[in-house]
Amino acid sequence: MEVKIEQSWKSRLCEEFDKPYFRDLVTFVKNEYRTHQVLPHGRQIFYLFDACPFDKVKVVILGQDPYPTPGQYYGVCFSVAEGMAVPASLRNIFREIHDDMGTPVPTSGNLDRWVRQGVFPMNSVLTVRAYESGSHRHHGWETFTDAVIKKLSDEREHLVFMLWGSYAKEKLPLIDARRHLVLTAAHPSPKSADRGFFGCRHFSRANAYLMEHGIAPVEW
């Protein structure tokens, strides 16, 4: 199946595109776009992959579902389009970065500045109906993004994986912790951030690990 995605990802994921589950997923997603308001815009489904080629990735942040509010999600987990209000979970992420690194709290919730440096914030599910959180779960996206995680783990070295919350931690078996740094904590949601996300110091720990292996740190 022909999928419009950045070439370094396309060459590694082409086998997924030809599997029956992915064909079923494409059929489902196309029908959803025809019959409902779906986020993000179709051309933005693989925005993250297009913006961050496979060999540029150095930090992987795993999420679950896209924001279901129109105007927010454009293909990068936790990020929002420029000019949108910063969501609560992202505010807590910025608070932890400030406490950990001493950097100013950003006013913009757009994380493209991270992506340009090799941070890969990926949701497990890449589309959603507007205002219906989780509406595209269990239709094949999870199989696809699991393959992405496994491909990064198997073919790269010295990546940092940040797994926040119980859902992200379920991805642990896909990652070779002997080749990569795996950091786990509570989810940054206001419901759980004070139960282990605040104080996790993932951002300074990630940078220390990257520098130990001769990789440029991230300007969080």
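**View 1. Helix α2 (residues 20-35) contributes six residues to the lining of the second largest pocket, the most of any element.** Helices are DSSP runs of H or I with at least four residues, strands are runs of E with at least two, and both are numbered from the N terminus. The model is predicted: local features need pLDDT of at least 70 and side-chain atom pairs count only at pLDDT 80 or more, while totals for chains, interfaces and linings use all residues. Residues are numbered from 1 along each chain as its sequence is written, and side-chain values use heavy atoms, with hydrogens and water left out. The second largest pocket holds about 440 Å³ of space. Of its 16 lining residues, V3, K4, G42, I45 and F46 lie nearest the centre. A pocket is an open set of points on a 1 Å grid over the protein atoms alone, with protein on both sides within 12 Å along at least five of seven lines; a cavity is a set where a 1.4 Å probe fits but cannot get out, and lining residues have an atom within 4 Å of a point. Points are joined across faces, edges and corners, and a volume is the space filled by probe spheres set on them. The lining divides into ten nonpolar, one polar and five charged residues. Ala, Val, Leu, Ile, Met, Phe, Trp, Tyr, Cys and Pro count as nonpolar, Asp, Glu, Lys and Arg as charged, and the others, Gly among them, as polar.

**View 2. The largest pocket contains about 520 Å³ of space.** Its lining comprises 23 residues, and Q64, D65, F78, S89 and H187 lie nearest its centre. Two or more lining residues come from each of β2, α4 (88-101) and α7 (166-169). α7 gives the most, with three residues. By class there are 13 nonpolar, eight polar and two charged residues in the lining of the largest pocket.

**View 3. Four strands form an open sheet in the order β3-β2-β5-β6, with parallel pairing.** β3 (119-123) and β6 (181-185) each have a single partner strand, so one side of each edge strand lacks a neighbour in the sheet. Neighbouring strands are turned by 20° against each other on average, direction ignored; the axes are lines fitted to C-alpha atoms. Strands pair if DSSP finds at least two bridges between them. β2 (residues 59-63) is joined to β3 by five bridges, with L62 opposite M122. Between β2 and β5 there are four bridges, and L62 has L163 of β5 as its bridge partner. β5 and β6 are joined by five bridges, and M162 stands opposite L183 in β6.

**View 4. Both faces of β5 are covered.** V160, M162 and W164 on one side are buried, as are F161 and L163 on the other. Buried means under 20% relative accessible area, exposed over 50%, and partly exposed in between, with a 1.4 Å probe and protein chains only.

**View 5. The largest nonpolar core has 38 residues, of which W9, F49, F120, F144 and L152 touch the most other members.** Such a core is a set of buried Ala, Val, Leu, Ile, Met, Phe, Trp, Tyr and Cys residues joined through side-chain atoms within 4.5 Å. Elements supplying at least two residues include α1 (7-17), α3 (47-51), α6 (141-155) and β5 (160-164). α2 gives the most to this core, with six residues.

Notes
Axes fitted to C-alpha atoms, helices over the stretch in contact; angles between N-to-C directions.
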